[in-house]
Amino acid sequence: MSKVKSNILEASFIQEMMEATLNMWKNGWDERNGGNVSYLLMKDEVSPYLDLEQVVRTIELDFPVKELANMYFLVTGSGKYFKNVKKNPEDSLGIIRVSESGNSVEVLWGFTDKGRPTSELPSHFMTHIVRLQQDENHRVVMHNHATNVIAMTFTHELDEKSFTKTLWKMCTECIIVFPDGVGLLPWMIPGTDLIGRKTAEKMESHQLVIWPHHGIFGVGTSIDDAFGLIETAEKAAQIYMLTNSHQGGIKQDITDQELYDLALSFGVTPREGILEL
């Protein structure tokens, strides 16, 4: 007899995803069906909850991801509202396994009523491939429409060096949390292989990538890690928007030398070429 499986809704990874998506919606970062998250799962995390031989259906991919063959992911669904994830996770989320060939994904749970993974799956998968090459503990790719980060892309020069330095100067913890700075893309149509490739290229040297006038991508070893990374950048962008609009402008900030001393004190290495010492 097959062993009775545990209730998957009690799995820690489902609980984490439900809480994170709700918090992003409450923060105003994921209006309507905006935003998406993918979470790399280990086989032994999934197997207590699902019969891995039972494939609900197969979805063909337009882009091969042989590098992710046989890997499992918890992914938000296309067209799904983050505010609804917690009350109906099986409709808004899905667990998928990349096929041996990398040309398709197998739905093992969720995506009821013929739902599909996020339309940004190319960007997610390509980013997962790159980040796993940088960090074997990498697990999460998170995209949302962080309000002040988007606002900042309308008012600040779209140059990675100056954009990064401004964020670092807005809040003492920033250079410690994202010492590799932020990557910036030109405006591009979302949901395409092209923006996926360009995002992944930036992820080779950054953990935060901004899509101007659209949103931000963050990665991490956990849901909390990726969420906290975006949260920190968003807080810095909010401070910039508040101070930049103040009559008289910014009168003082953290100097480049102070930023360097701060990084040295916390044992992080700031991205080369940002600070002028």
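Predicted model: local features only at pLDDT ≥ 70, side-chain atom pairs only at ≥ 80, totals over all residues.
Me: How many salt bridges does a search of the whole structure find?
Reply: The search covers the whole structure. A pair counts when a side-chain nitrogen of Lys or Arg lies within 4 Å of a carboxyl oxygen of Asp or Glu. The number of salt bridges found is 11.

Me: Which residue meets D253 in a salt bridge, and in which helix does that partner lie?
Reply: D253 is in the loop between α9 (223–244) and α10 (256–266). The N to O distance in its salt bridge is 3.7 Å, and the two residues are 84 apart in the chain. The partner is K169, in helix α6.

Me: Is K169 buried or exposed?
Reply: The relative accessibility of K169 is 15%. Buried means under 20% relative accessible area, whereas D253, at 42%, is partly exposed. K169 therefore counts as buried.

Me: What is the N to O distance in the salt bridge of K169 and D256?
Reply: This pair links distant parts of the chain, with K169 in helix α6 and D256 in helix α10, 87 residues apart. Both K169 and D256 are buried. Their side chains meet with an N to O distance of 3.1 Å.

Me: Where do E201 and K198 lie?
Reply: E201 and K198 form a salt bridge, with the closest N and O atoms 3.9 Å apart. E201 is partly exposed at 44% relative accessibility, and K198 is partly exposed at 34%. The two residues are 3 apart, about one turn of the helix, and both lie in helix α8 (residues 193–203).

Me: Why is the pair of F63 and F125 edge-to-face?
Reply: The search of the whole structure finds 5 aromatic pairs. In the pair of F63 and F125, the ring centres are 6.3 Å apart and the planes stand at 65°. Planes over 60 degrees apart count as edge-to-face, so the deciding value is the angle of 65°.

Me: Which residues do ring pairs link into a cluster?
Reply: F63 is in the loop between β2 (57–60) and β3 (72–76), and F125 is in helix α4 (residues 121–134), 62 residues apart. Both F63 and F125 are buried. The cluster linked by ring pairs consists of F63, F73 and F125.

Me: Why does the pair of W211 and F217 count as tilted?
Reply: Both W211 and F217 are buried, and their ring centres lie 4.8 Å apart. Planes under 30 degrees apart count as stacked, over 60 as edge-to-face and the rest as tilted. The pair is therefore tilted, the angle of its planes being 40°.

Methods. Residues numbered from 1 in each chain as written. Heavy atoms only, no water. Helix = DSSP H or I, 4+ residues; strand = E, 2+ residues; numbered from the N terminus. Buried < 20%, exposed > 50% of the residue type's maximum accessible area, 1.4 Å probe, protein only. Phe/Tyr/Trp six-rings, centres within 6.5 Å; stacked < 30°, edge-to-face > 60°.
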